[in-house]
Amino acid sequence: MNPVFLFSGQGSQKPGMGADLMGVPEVASSFECASGVLGYDLADLVATASPEKLNDTRYAQPALCVLSVGIARALMARGVVPAAVLGFSLGQVSALAVSGMLSEEETYRFVKARAEFMAEAASAHAGAMSALLKADDEAVRAVCESCAQGDVLVPANYNSPGQIVISGTPDAVARAEEAWAAEGKRFARLATSGAFHSPLMADAAEKLAEYLAGVEFSEPAIPLVCNVDASPLSAACAREHLTEHLTHSVRFQQSVEALEEQGHTTFWEVGFGGVLENLVKRIDRKASRTCVQDLASFDAALESLASDAS
């Protein structure tokens, strides 16, 4: 069975990522296309930028998006057609291009606007995010309700069983971490510049809605599972769901489970980091998974598929 392509989210970026893939024509073409849209040499930025610069959401989002799209295009050019596509947060933008809902150029215009709107909202409304471990939905909602104290504090990312990320004001997140630790449970503060997937991104969502009003979506040629509701995305619902995406929870675990219910058991993270591959392992240890992020893993993935076919 053809693999489901998973697209990496923000936070996975690293200077030099994908450097040895720039000789792959489809990857080089994607970076060239994006550079024309963005107005700067994206390949050079990824190769030479400091971690601090690349961590800026204005640069991190386009860099990760374009690398994922380029690798996916290269795999597809060699006969690997994904059974479905699923992105994690930012990765959903990459999925729009690969599914055929947007052209590459329109995707890169979209990711540029999205990154700018989110950076502006993060600067205007200080926020933080933290991963709560040994978590379940009921416990996380309870700690959010008790620790909000009038501030914004919500479940933001349903990553995998036992791992839910919360998002909100810095004080509210700190109170939740303290309460979580008091119960003998661990947490991990995320290195993010804002409270993504929370109401603190409302300004960005409003601007994105205005931007998307002028964007035409095609029906997906490859099924795209939406983060907002873990269901297939249609052209008619794209604007609404992509706008809600900024202020609503990422339901990655539920999305993977929905794909498995449809019979999909092979997942390839197409992009940098390996975070999603590890989350799939936590969701279902029996699932086949890999991360295609450099030339060695690219070649290995093609070889494994050829071996399975024979």
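A salt bridge here is a side-chain nitrogen of Lys or Arg within 4 Å of a carboxyl oxygen of Asp or Glu. The model is a predicted one, so local features need pLDDT of at least 70 and side-chain atom pairs count only at pLDDT 80 or more, while totals for chains, interfaces and linings use all residues. Residues are numbered from 1 along each chain as its sequence is written, and side-chain values use heavy atoms, with hydrogens and water left out.

By the salt-bridge rule, the count comes to 11. One of them pairs Glu 120 with Lys 207, at 2.8 Å from N to O. This pair links distant parts of the chain, with Glu 120 in helix 6 and Lys 207 in helix 9, 87 residues apart; helices (H or I, at least four residues) and strands (E, at least two) are DSSP runs, numbered from the N terminus. Glu 120 is partly exposed at 35% relative accessibility, and Lys 207 is partly exposed with a relative accessible area of 35%. The cut-offs behind these words are under 20% relative accessible area for buried, over 50% for exposed, and partly exposed in between (1.4 Å probe, protein chains only).

Another salt bridge joins Arg 239 and Glu 216 (3.5 Å, N to O). Arg 239 sits in helix 10 and Glu 216 in the loop between helix 9 and strand 7 (224-225), so the pair ties together parts that are 23 residues apart in sequence. Arg 239 is partly exposed at 29%, whereas Glu 216, at 62%, is exposed. Salt bridges with shared partners also make one network of Glu 105, Glu 106 and Arg 109. Within it, the side chains of Arg 109 and Glu 105 meet at 3.8 Å, N to O; these two are four residues apart in helix 6, about one helical turn.

Helix 10 has a buried side too: Ala 235, Ala 238, His 241, Leu 242 and Thr 243 are buried there. These buried residues pack against helix 5 (91-99), helix 6 (104-124) and helix 9 (202-212). Thr 243, with a relative accessible area of 15%, touches Ala 205, Leu 208, Ala 209 and Leu 212, not counting residues up to four places away in sequence; contact means heavy atoms within 4.5 Å.

Elsewhere, Thr 266 belongs to strand 8 (residues 266-270) and is buried at 17%. Leaving aside neighbours within four places in sequence, Thr 266 is in contact with Met 1, Pro 3, Val 4 and Ser 288.
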